[in-house]
Amino acid sequence: MIFKQLFDTKSSTYTYIIASDKGREALIIDPVIEHTNEYIKILEELELKLVKVIDTHIHADHITGLNELNKRTNCTRVMGENSKSEVIDLKIKDNEKINIENIQLKAIYTPGHTDCSYSYLMNDRIFTGDTLLINGTGRTDFQNGSSYDAYDSLFNKLLKLPEKTLVFPAHDYNGKKYSTIENERNNNPRLQVNSKEEYADIMNNLKLANPKMMDIAVPANVKGLTLDQI
Ligand SMILES: [Fe+2]
């Protein structure tokens with residue numbers, strides 16, 4: 001399998017390029033627009049045909065690469081059914097399967113960080129977006145976020161996965177590349193709570209500043225801007 005984890009230093013975003021082998025169909029999860037040329041170069045070097053691009057949710061800290069990649073490769077833009085994006089080609093539902101050549105992902109609706117957040121399960125690993133981070137969880141204080149929904153997504157969906165499942169988040173701010181469900185269940189400080197109320201209490205008192213790019217990134221991602229429009 002081809003599995004590349006790329007990093008945007010400006011927003012600390014992880015992007016994933018996935019294909020079954022050289023010369024096959026590929027998909028990209030959470031691309032960052034400024035790195036489009038880098039993605040295209042990797043695709044060309046490995047003779048991959050980009051057929052699908054997925055955003056785990058509407059990002060507030062960077063402009064998505066979905067639309068520039070769509071413009072250049074005609075790939076299908078995929079998000080959850082309640083995404084506010086005006087340009088998504090394929091809106092998926094909870095438990096729906098996403099296929100490319102020899103690869104299948106299962107979409108799992110995990111609202112809380114935003115109301116359009118999905119995670120994607122692929123065999124031994126899950127792409128958790130900002131729902132579950134390494135030693136953290138996504139904030140719940142904008143874009144229709146909900147600490148109660150986040151609790152359900154974390155405790156009743158993600159933490160119910162097999163404990164050896166690898167966790168690949170959309171961000172890490174400390175240089176960690178992946179984790180496991182077991183490790184997060186045992187060590188993630190946000191997950192050491194005994195009730196929904198306790199979790200909500202933590203999340204509702206974080207007092208975080210808004211992301212620097214938020215006022216630019218959210219409207220750009222909803223409208224589907226490409227490089228020449230930003
Ligand atoms: Fe986010």
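Student: Which residues in α5 do Ser-147, Tyr-148, Ala-150 and Tyr-151 in α3 meet?

Tutor: Keep in mind that this is a predicted model. On the α3 side, the contact uses Ser-147, Tyr-148, Ala-150 and Tyr-151. Their partners in α5 are Lys-196, Tyr-199, Ala-200 and Met-203.

Student: Is α3 roughly parallel or oblique to α5?

Tutor: Look at the axes of α3 (residues 147-157) and α5 (residues 196-203): they come within 9 Å and cross at roughly 125 degrees. Roughly perpendicular stops at 115 degrees and roughly antiparallel needs over 145. The angle therefore makes α3, relative to α5, oblique.

Student: Zooming out, what radius of gyration does the chain have, and what would a compact globule have?

Tutor: The C-alpha atoms fill a box of roughly 50 × 35 × 30 Å along the principal axes. For 230 residues, the compact-globule figure is near 17 Å. The chain agrees with that, at 17 Å.

Student: What share of the contacts with a separation of 6 or more comes from residues 24 or more positions apart?

Tutor: The chain has 6 helices and 14 strands, and 44% of its 230 residues are buried. Among contacts with a separation of 6 or more, residues 24 or more positions apart account for 60%.

How values were computed. Residues are numbered from 1 along each chain as its sequence is written. This is a predicted model: local features need pLDDT of at least 70, side-chain atom pairs count only at pLDDT 80 or more; totals for chains, interfaces and linings use all residues. Axes are lines fitted to C-alpha atoms, for helices over the stretch in contact, and angles run from 0 to 180 degrees between N-to-C directions. Helices (H or I, at least four residues) and strands (E, at least two) are DSSP runs, numbered from the N terminus. Angles under 35 degrees count as roughly parallel, over 145 as roughly antiparallel, 65 to 115 as roughly perpendicular and the rest as oblique. Two residues are in contact if their C-beta atoms, placed from the backbone, lie within 7 Å. The radius of gyration is taken over C-alpha atoms; the globule rule is 2.2 Å times the number of residues to the power 0.38. A residue is buried if 20 or more other C-beta atoms lie within 10 Å of its own, exposed if 12 or fewer, and partly exposed in between; C-beta atoms are placed from the backbone.
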